[in-house]
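Here is a short note for a colleague who is new to reading protein models. Please keep the sequence and the structure open beside it.

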Amino acid sequence: FLLSHIPKGEFPVVLDLGCGDGVLGVAAKRQNPSSRLAFCDESRMAVESARANYARRFEDEARFVWTHCYQGQDAGSVDLVLCNPPFHQGHVVGEAVARQMFADAHHALVDGGRLRVVANKHLDYPAALRRLFGACRVVATNRKFVILDAFR
């Protein structure tokens with residue numbers, strides 16, 4: 001669902017946060033060819049998969065970060081963050097990881113930067129994003145998912 005709602009615009013640096021195999025970042029690069037891409041995941045295997053997928057499609061360099069959420073990264077260094085946060089880790093269901101991802105995105109975004117999130121409708125991410133960013137807007141919905149934007 002999020003793949004059909006990748007923003008197009010002036011985004012010098014785009015971050016695929018919780019990148020998995022990098023599908024969101026690859027789609028963002030196709031939509032915004034002049035953007036520089038960064039990929040981040042807590043799984044080393046995911047980061048390496050994203051690296052391989054990006055290298056198969058593009059000749060320019062991207063940044064690949066292996067860390068929890070976007071921990072320890074520079075403030076004000078990203079213009080657009082794309083995120084499909086997990087709402088479970090193993091057998092534990094909860095929003096803790098997503099909330100940390102949102103906080104790390106807020107820290108990394110430039111003033112005016114955008115976080116675009118896809119989530120299951122039943123999750124209360126709009127409230128979490130409003131608390132952190134001050135506002136949140138719905139971009140699109142379907143039966144199961146919602147896409148949200150929050151601006152720094």
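This is a predicted model: local features need pLDDT of at least 70, side-chain atom pairs count only at pLDDT 80 or more; totals for chains, interfaces and linings use all residues.

The points below go through the sheet, the helices on it, the cores, the charged pairs and one histidine.

1. Seven strands make up an open sheet, and their order is β3-β2-β1-β4-β7-β9-β8. The pairing in this sheet is mixed. β3 (63-66) and β8 stand at the edges with a single partner strand each, so one side of each has no neighbour in the sheet. From one strand to the next, the twist averages 20 degrees. As background, strands of a sheet pair through backbone hydrogen bonds, either parallel or antiparallel.

2. A parallel pair. β1 and β4 run parallel and are joined by four bridges. To find the pairing on screen, look for Asp16, whose bridge partner in β4 is Leu82.

3. Helices on the sheet. Helix α1 (residues 23-31) packs on the sheet and touches β1, β2 and β4. The direction of α1 makes about 170 degrees with that of β2. Helix α3 also packs on the sheet, where it touches β1, β4 and β7. Between the directions of α3 and β7 the angle is about 155 degrees.

4. Strand β9 and its partners. β7 and β9 run antiparallel, with seven bridges between them. Val117 has Leu148 as its bridge partner in β9. On β8 (residues 137-141), the pairing with β9 is again antiparallel, over four bridges. Here Thr141 has Val146 as its bridge partner in β9. A hairpin of three residues connects β8 to β9. Is β9 enclosed or left open? Five of its seven residues are buried, so β9 is largely enclosed by the rest of the structure.

5. The largest nonpolar core. In soluble globular proteins, nonpolar side chains tend to be buried together. The largest nonpolar core here has 30 residues, and Leu17, Tyr70, Leu115 and Leu129 touch the most other members. At least two residues of this core come from each of β1 (13-17), β2 (36-41), β4 (78-83), α3 (96-108), β7 (109-120), α4 (125-133) and β9 (145-151). Helix α3 supplies the largest share, six residues.

6. Which residues does Leu115 contact, leaving aside its neighbours within four places in sequence? They are Val81, Cys83, Phe102, Ala105, Leu109, Leu129, Phe133, Leu148, Asp149 and Ala150.

7. Charged pairs around Asp149. Side chains of opposite charge can pair when their charged atoms come close. The count of salt bridges in this model is seven. Asp149 and Arg116 form one of 2.7 Å, N to O. This pair links distant parts of the chain, since Asp149 lies in β9 and Arg116 in β7, 33 residues apart. Both Asp149 and Arg116 are buried. Arg114 and Asp149 also meet in a salt bridge, at 3.8 Å, N to O. Asp149 in β9 and Arg114 in β7 are 35 residues apart. The relative accessible area of Asp149 is 1%, so this residue counts as buried. Arg114 is buried too, because its 17% falls under the 20% cut-off. Salt bridges with shared partners join Arg114, Arg116, Arg137 and Asp149 into one network.

8. Another charged pair. Arg99 and Glu95 meet through their side chains in a salt bridge of 2.9 Å, N to O. Are these two residues buried or exposed? Arg99 is partly exposed, with a relative accessibility of 35%, whereas Glu95 is buried at 19%.

9. His107. This residue is found in helix α3. His107 counts as partly exposed, at 40% relative accessibility. Leaving aside neighbours within four places in sequence, His107 is in contact with Gln73, Asp74, Ala75 and Gly76. With Gln73, the side chain of His107 reaches the backbone oxygen at 3.2 Å. Val13 is 94 residues from His107 along the chain, and their C-alpha atoms are separated by 14 Å.

Notes: Residues are numbered from 1 along each chain as its sequence is written. Side-chain values use heavy atoms; hydrogens and water are left out. A nonpolar core is a set of buried Ala, Val, Leu, Ile, Met, Phe, Trp, Tyr and Cys residues joined through side-chain atoms within 4.5 Å. Buried means under 20% relative accessible area, exposed over 50%, partly exposed in between (1.4 Å probe, protein chains only). Contact means heavy atoms within 4.5 Å. Two strands pair if DSSP finds at least two bridges between them. Axes are lines fitted to C-alpha atoms, for helices over the stretch in contact, and angles run from 0 to 180 degrees between N-to-C directions. A salt bridge is a side-chain nitrogen of Lys or Arg within 4 Å of a carboxyl oxygen of Asp or Glu. A polar contact is a pair of N or O atoms within 3.5 Å; within protein, one must be able to donate a hydrogen and the other to accept it, and residues adjacent in sequence count only if both atoms are side-chain atoms.
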